[in-house]
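These are my notebook entries on a structure that I had not examined before. I set down what I looked up, entry by entry.

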Amino acid sequence: MNRIIYLIKRQPIWIFVFVCIVFFSFSSPYFFDIRNFSNILVQASTIGLIALGMTFVMINGNIDLSVGATLALAASLAVGLQPQLGIIGAVSVGLLSGILIGALNGIIAWKTGVDAFIVTLGAMIGVRGLVFIYTEEQAFYAYDLAYANFGASSLFGIPVLALIFVFLTIIAHLVLKYTIHGRNVFAVGGNRVAAKEAGIRVGPHMLLNFILIGFLAALSGILLSTQMGASTPNLGRNYELWTITAVVLGGTRLTGGFGSIIGTLGGVLAIAILRNGMNLLQVPSFYVLIILGSILILVLFLDKRFAEPQGVGA
Amino acid sequence: MNTQTEMKEPINSQPEEKPLLKLKNVSKSFPGVKALDGVELDVRAGEVHALLGENGAGKSTLMKILAGIYQPDGGEVILEDQLVHMSSPLEAREHGVLLIHQELSLVPDMTVAENVFLGNIPRFANIFVNNRHLNERCGEILTRLNCKFKPTEKLGNLSIANQQMVEIARALVFQPKVVVFDEPTASLTDYEKVVLFGVIRELKESGTAIVYISHRMDEIFELSDRISVLRDGTYQGTFYTRQTNEDEVTQRMIGRDLDADIEHQPPELGAKALQVSGLGIEGLYSDISFDVHAGEVVGFYGLVGAGRTEIMETIFGLRKPDSGSVQINGQNLAINSPSDAIDHGLGLVPESRKEQGLVLGMSCKDNTTLANISEFTKLGWIDTSAERKVFEEYMDKLRIKCPGWEYSTLNLSGGNQQKVVIGKWLSTSPKILILDEPTRGIDVGSKSEIHHLIRELAKTGLAVIVVSSEMPEVLTVSDRIIAMYDGRITRCFDRGEVTEDTLIRAITGQTER
Amino acid sequence: MAFILCVVIFSLSTQKFLSTDNFLTVVMQASIIGTIALGVTFVVIGGNLDLSVGSLLSFATVLVVDLHDKVGPGTAILLMFVFTLLIGSVNGYLIGYLRLNSLIVTLGMLSAIQGITLVYSGGKNVDISDQTNTWFAFFGREALFGVPVPAIIFIVLGIILQIVLLKTGFGRKIFAIGGNATASLFSGLRRNRLVFSTYLLSAFTTGCAALILGSRVMGSQNNVGEGYELLVLAGVILGGTSLLGGSGSIARTVIGVLILAMIQNGLLLLGFPYYTQWLVTWVVIIVAVWLDIAAKRGKLFSTY
């Protein structure tokens, strides 16, 4: 019993997810259905993949605002280069672009000491510029049907995209929880000075996390484009904000040092289920925005009320 | 300073005579302050070497040099006959020198074991955390330290005392040659203190050299083998603990009274300005009653953590009391915020001038007028020339050394920064001024100036409270001294009746009235 | 510095750049982002962030344009400001009085306001039916003494707010709470109220920007302000206002925003593709902040 209360205290977002599932199951006949659940997972995977990386970056005490633009760049390259390089070549270039942008962000943040917020804000604007210059503001279509077929394919009756998302979530969870790197993510975010004094190489460590999120954003963009069989230059607009919302809903602390992949998964699912359920109930999607915004602030409020002792001037 | 004449021959055979760690003629300056001037220190394996001095005597600077946080401007650090340069805490650790901070450098959201092995976590297959190994090894160390908590406990859930044990456990991982303890008992209960001393003795037995920094005489005499004394950044000699006594080292530590020229006339007492009755906050302090008259200086003396600062913050509206009341000029008042306090004629020169006193990025003038900026504004508009006049007035009066009113306080010396903070409060024309550790970390010259100033302010009819951990300071400036121990007032002294001995007893809880 | 550099580079490269006409074009282009940035500068100096201004701009523009035909321009403007300030005060209450993290609160508000806008408009774009015979056109389409009104609004508001920031007790207190919240508390400043009012200010200037935008376009999409929050921040940061709070100035924000607009204008005049400006912006933002930090720490590279 205590353990349950402990879990609820730690992962309040899962209660919300649970309540949502119960609510929508009763109010819509289409909701509680394996096919719909697969659907939700596929819908969740785009934000979800980036959110995995964002969890690392945010526990680290940083933030990455450039993920939406990175996503669009990778998708555009992966679709746009197919005529020249073939699917595999183009996708590789797309993934590489994400890794490079992540590395660039990481190196700049490390070497210049400029706050990650500003570094990635710059990258967000600049990379989006790259996308527009490269695409000349055109949408690209994947003429090789195999590309779009991949996005719609299933394995054992489960969509491949959902499988990829679940698989990478498990990997991310294991890395964060059971590896030295994962442990250092918390150390660096919890007390950067102490971590440095204890001999952790903070700069390279953060660089690695930026590369990770760059890669995941690129992967997410490419998978999204397989769903659509196309890419548009405006792809991924505002995704950085959605991703941060999901991660914060999942209980990762904005100032770093605390958070989990399980929580992030909860945050991602909360958003996806809410969207899916409201859609089934034919509620205009606008209300989802209002509800999500309110929940985000509410979570913050509850966290503040129950987590922080009152000190001087509080 | 001839150390040889001061150190008599040891009676019993002392631990190994060869120094493990030696500091030769070490100096360190900060802008405006010479923190250390030609300091000597030798520490032997298997001894507890106490470093004694008042606040601002240079103890913490010396300790930070040992730990590689600061680099000395001059002099040598010699470890096992090797000249060493320790440019970071990491390097110091590699040399086997570890510092147990007062400010703990731990990660509150991680477990005890993770903190103990921070940056050094046991692995398997090179990338994975070996949790079993991690917790087992940590468990062994904790058992050795007699700790009751588990390696898997979240650090943030532990008491400060236990967190301190974690710091010590962390030091033990590296099998250090030298461990520096900086005021380790400041936040410990008596029982925890006993445990800690046991650990220190055990470390000593195993051949580790311990540098123990404190200004608590009783502890030092209980624990140490030798005592080195610092005063105002200079070395005052080393003594064998068994061959000296408290008087001798106290005299070394305090030295000639710098403010001997302050003449003390009995104050002309005005009306009762402040009356505090039965004030208490659970867990911090209880049943605090005292009064302050216009024209007198009341000193609050006690050890760090005795609850003095918290009382002042309560009076100033920064904390809510659980019980008791505060009367100003005979009126019962509810002070809920500092702005209420200011409206009622209170001023507080806080303990930490950089965090609480100044907005460092702002100019001297802007800081001076910050607490009563509305008096310089007409219809929202700031009258800059009036501001400048006021700042320049205080610049003259307090002898603030600063190139001009627009100069940022960031670049002033500690003494001048403190004068700006005092100027800020004087410009609000307070009736009651509270100064919390007004001369901490300030050079000797400014210190004495501030002491004179405090006396003068009282003469003009201000009611002044001075909170201080430095005995000479309270003795110099106060008309009455209130001694505190562990959240309670233990004794009130009038100027005439106080002696150093009774004062020390009162603040260490040795007597009850 | 960067400002002068920009002017010099572009003047040397193209004759047209230095003409009065072109300068007015630059100011005109900068006016919407710039006007918002004026209020956001107060928020940032006070030690907080405001990411909701983009959504708020959409909201205010949709509102004023939609109400224009229903209740007339005067009442529409009045109502628009009432509701915009109301939303600003929600931000201010949550961040100033409840002390919630400003980044997350305004992120949540970004989404919520977007939703409210869509609910209000039913997802449809709005426009003004009679676009020629309304004095509402004054704010975005007309000029006084040859100077476009948006530029006048931007610059006049900028001058007023610069004076407020530097010469009033209010401005001084904003610097103090952003510079050191604890010391300000110990000096008797009321942080709650001050933070609250910075959010009112940013809502107000966003309302002014909506006036310009609505009047210029005479219609509005629901997401017209999307992404503005970060462009605004870019301008503020470029002006040298520290995200940590406690330093900055309106004049420098104006310069920061003008640099962004000039990069855009100059690169276009030089014949570069439109989006090159974003690449240049990327480099300029990071280099500007880097040099600022490097000067403070006395070393070009950081040490971790």
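**Entry 1. Chain B against chain C**

I began with this pair of chains and found 30 residues of chain B in contact with 19 residues of chain C, where contact means heavy atoms within 4.5 Å. The model is a predicted one, in which local features need pLDDT of at least 70 and side-chain atom pairs count only at pLDDT 80 or more, while totals for chains, interfaces and linings use all residues. Residues are numbered from 1 along each chain as its sequence is written, chains are lettered from A and ligands numbered from 1 in the order in which they are written, and side-chain values use heavy atoms, with hydrogens and water left out.

I noted that chains B and C bury about 1,800 Å² between them, with 64% of it on carbon and sulfur atoms. Buried area is the accessible area (1.4 Å probe) that two parts lose on being put together, summed over both.

I then counted two salt bridges between chain B and chain C; a salt bridge is a side-chain nitrogen of Lys or Arg within 4 Å of a carboxyl oxygen of Asp or Glu. Arg172(C) and Glu387(B) meet in a salt bridge through their side chains, at 2.6 Å from N to O.

On the side of chain B that touches chain C, the elements giving two or more residues are α11 (338–343), α12 (353–357), α13 (364–368), β20 (381–382) and α15 (414–426) of chain B. Helices (H or I, at least four residues) and strands (E, at least two) are DSSP runs, numbered from the N terminus.

**Entry 2. Chain A against chain C**

Here I found 51 residues of chain A in contact with 48 residues of chain C. The area buried between these two chains is about 4,500 Å², and carbon and sulfur atoms give 79% of it. In chain A, Ile125(A), Phe286(A) and Ile297(A) lose the most area to chain C, together 13% of what that side buries.

How many salt bridges cross the interface of chain A and chain C? I found zero. The count of residue pairs in polar contact between chain A and chain C is three, both residues at pLDDT 80 or more. Among the elements of chain A that each supply at least two residues to this side are α5 (82–112), α6 and α14 (285–307). Helix α6(A) gives the most to the side of chain A that touches chain C, with 15 residues.

I located Arg128(A) in helix α6 (residues 116–135) of chain A. Arg128(A) is buried yet has no salt bridge, and the nearest side chain of opposite charge, Glu240(A), is 5.5 Å away. For these labels, buried means under 20% relative accessible area, exposed over 50%, and partly exposed in between (1.4 Å probe, protein chains only). Beyond four places in sequence, the contacts of Arg128(A) include Gly68(A), Pro233(A) and Trp278(C).

I placed Leu71(A) in helix α4 (residues 67–80) of chain A. Leu71(A) counts as buried because its relative accessibility is 0%. Not counting residues up to four places away in sequence, Leu71(A) touches residues including Thr46(A), Ile50(A) and Tyr239(A).

The whole structure holds 30 salt bridges over all chains. I looked up several in chain B.

- Glu80(B) and Lys177(B) meet in a salt bridge at 3.5 Å, N to O. The pair links distant parts of the chain, 97 residues apart.
- Glu80(B) is partly exposed because its relative accessibility is 40%, and its phi is near 45°, a positive value in a residue other than glycine.
- Arg132(B) and Glu136(B) meet in a salt bridge at 3.6 Å, N to O. Both lie in helix α5 (residues 131–144) of chain B, four residues apart, about one turn of the helix.
- Glu437(B) forms a salt bridge with Arg308(B), the closest N and O atoms being 3.6 Å apart. Both Glu437(B) and Arg308(B) are buried.
- Asp42(B), Arg44(B), Glu47(B) and Arg226(B) are linked in a network of salt bridges.

How values were computed: Lys, Arg positive; Asp, Glu negative; His and termini not counted. Polar contact = N/O pair within 3.5 Å; in protein donor to acceptor, adjacent residues only side chain to side chain.
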